[in-house]
Amino acid sequence: MIFSDYFGYAFTHIKNKKARVFLTVLGVALSVMAMVSIISITEGFGEAIQLALNAQFSTDTLVVVDPLGQTVLTLKDVDLLKSRLPSTNYKRVTPVLIFSAEVSRVGKAESVITLVAGASTNEIRYVWPILYVAEEGVLPQGDLNPDEVILGNSLAKRLNVHAGDMIRIRSEVKDLQGKVITTITRDLKVIGILKLSGMNLVGVDVDSSVIMNFDTSRMMVNPPDLRDKISLILVQFNSPKFALELQSEIQDNIYGGKVRAVAFAAYARAVENVVMLFNSLLLSLIIISVVIAGVGVMNTMLTSVRERVKEIGTNRALGAKSSEILTLFLVEAFIIAVLGMILGTILGFISVFVIDKSNLLQSAINLGGVIYIKASPKIVLQNLIIWNLIVLFATLAFSYIPARRASKVEPIIALRYE
Amino acid sequence: MIKEVVKLENVDKIYKLGEVEVQALNNVNLTIREGEFVSILGPSGSGKTTMLNLIGALDKPTKGEVYINGVSLKKLNDKQLADLRLRTIGFIFQAFYLVPWLNALQNVMIPMMLLGKPPSYRKQRAMELLKVVGLEKRAYHKPTELSGGEQQRVAIARALANEPALLLADEPTGNLDSKTGAMIVDLLEKINKEKNVTMIIVTHNLEVAERTRRIIRLRDGKIIADEVKAI
């Protein structure tokens, strides 16, 4: 038989069994549609999460905190870390002091209690470069002056403060037991307002916080005998690998378990694990749908073989070889699979479009902070081709059993069959 | 000397139906030469279809040898047997066995398609063959749109497609009324004469058998008579 004749014969048969073939093709198409939607969602979601992770976690950084109050972190600890960590591994070690204070616009009665972070902007802008973007005013290239602050976006809106305005901050100075010794009030100039970020970093909701000069913050919250007290230390390494590796070195060896050292990469890894789990779940859905399509085709073909026993027997008697009968049935399955793949891919594109427009993939993951994710399904041609080939292969594999059964039909038995 | 197209040597065929053995053919010896027009006559169960299946390379004897054109079928594998059927043997069945979803023309083209002939040749030759059987005007009709006689004529055209040396017909008139049956036998006779095709007809109908020049009578798997008519 000429190769093109296999297709011609199979096409003629398909044309004569339109209804049944359509249903079989539809079965394959629905599975392909599910597959296209699922891989597009997975791809889009994965990308969105990756973007969110990169933006919100500086994965090369770790934070040293004292969550249980077993030890008081001070500037000495910054020096300790600098001396104990191999200097070629880290880029910067910088302290942050976080405290709660009452903030108001000078001359206005309305005030809010929020978190103030005293830090070196010259250091933290390298830790979170994406965060360090002004909506209003100009952010300093170096450190903030002692009487300057930067405001989070929501806080500025709430207090109706603009760059250049003065705000008043009132804080309480407490001793180690938490007893208020005195209160301090200072007027500071807002030089910049950050863009809305939606980020929560090391327990601070950036949008509603105040960032001030580190030394000013020490004066405003630390008692005179404990001026060097800090809330946490950020250590930025040359790579996420060092951050993960030196986590336990800092926590257990340098501090003997009295502090917690948490690499942001570990958070990122946790999120990635969740994403991977999600992906494998979807993958198993794809596999199930491929199997369903394959079994559907197999079922139709088995029925077809039974119905066509006489035709097969006649053709065998006329001189068809069993390999030709096998090929004939596989070619028919191939045509059905390809039609299903074309229809399914079109349906898949439509469903991806609908999912995209309906914002179904908008989601939020709460992980210490809140990451908002707006994912769009993304069609990756390469994945589409690979999965379509898998569907094709599976369909042909499932069709092999009925096709082989057809090829084994003995003409003498088939023609006796009434 | 005229070529021996079919030769059966000491052929036995035993079917096993569960525990019971049925001897369909019992020590059959037979030679049919090129161009002969032969009928195998016998009541049902006499083994005539079994004999035809053995000659047609559709079945294998339990014992003995079957030769087609001097080649022992025992030595051929499944693929070679299929090739032999394709190139050397034409089949006509009682129930016609046309492919129901193909039209008359497409049905006639099947053997040529299996042989790998080009489409243009197939169509032209199939049309010629349909003309030979008087059905050129029905070429694009499906079997369900044709009468029994017409269907059998399409089957005859199909059997002739690859110019076989041997044509085997199993009760070709069995499903037809006597008038149509006679027409079919006329046609087979004409083909035998004009194309010198060796023809073997299996029948239980004496009228049909008497139209052939040689009648082989079978009973209980044995040849009980082999008569050649004087011309």
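Which backbone oxygen does the side chain of A:Asn222 reach? The side chain of A:Asn222 reaches the backbone oxygen of A:Leu226 at 3.5 Å.

## Basis of the model

This is a predicted model, in which local features need pLDDT of at least 70 and side-chain atom pairs count only at pLDDT 80 or more, while totals for chains, interfaces and linings use all residues. Residues are numbered from 1 along each chain as its sequence is written, chains are lettered from A and ligands numbered from 1 in the order in which they are written, and side-chain values use heavy atoms, with hydrogens and water left out.

## A:Asn222

A:Asn222 lies in the loop of chain A between α6 (214-221) and β11 (232-237). Helices (H or I, at least four residues) and strands (E, at least two) are DSSP runs, numbered from the N terminus. A:Asn222 counts as buried because its relative accessibility is 1%; buried means under 20% relative accessible area, exposed over 50%, partly exposed in between (1.4 Å probe, protein chains only).

Apart from neighbours within four places in sequence, A:Asn222 is in contact with A:Leu97, A:Val173, A:Ser217, A:Arg227, A:Asp228 and A:Lys229. Contact means heavy atoms within 4.5 Å.

## Strands of chain B

In chain B, β1 (residues 4-17) pairs with β2 (residues 20-33) in the antiparallel sense over 10 bridges. Two strands pair if DSSP finds at least two bridges between them. B:Lys13 stands opposite B:Leu25 in β2(B). The hairpin of β1(B) and β2(B) has two residues between the strands, and B:Gly18 takes a positive phi near 65° there.

β1(B) is also joined by five bridges to β4 (residues 63-68) of chain B, and the two run antiparallel. Here B:Glu9 stands opposite B:Glu65 in β4(B).

## Interface of chains A and B

Chain A and chain B bury about 2,400 Å² between them, with 64% of it on carbon and sulfur atoms. A:Leu318, A:Lys321 and A:Ile412 supply 25% of the area that chain A buries against chain B, more than any other three residues. Buried area is the accessible area (1.4 Å probe) that two parts lose on being put together, summed over both. The contact takes 26 residues from chain A and 29 residues from chain B.

Three salt bridges are counted between chain A and chain B. A salt bridge is a side-chain nitrogen of Lys or Arg within 4 Å of a carboxyl oxygen of Asp or Glu. The side chains of A:Lys321 and B:Asp83 meet in a salt bridge at 3.6 Å, N to O.

Note on methods: A polar contact is a pair of N or O atoms within 3.5 Å; within protein, one must be able to donate a hydrogen and the other to accept it, and residues adjacent in sequence count only if both atoms are side-chain atoms.
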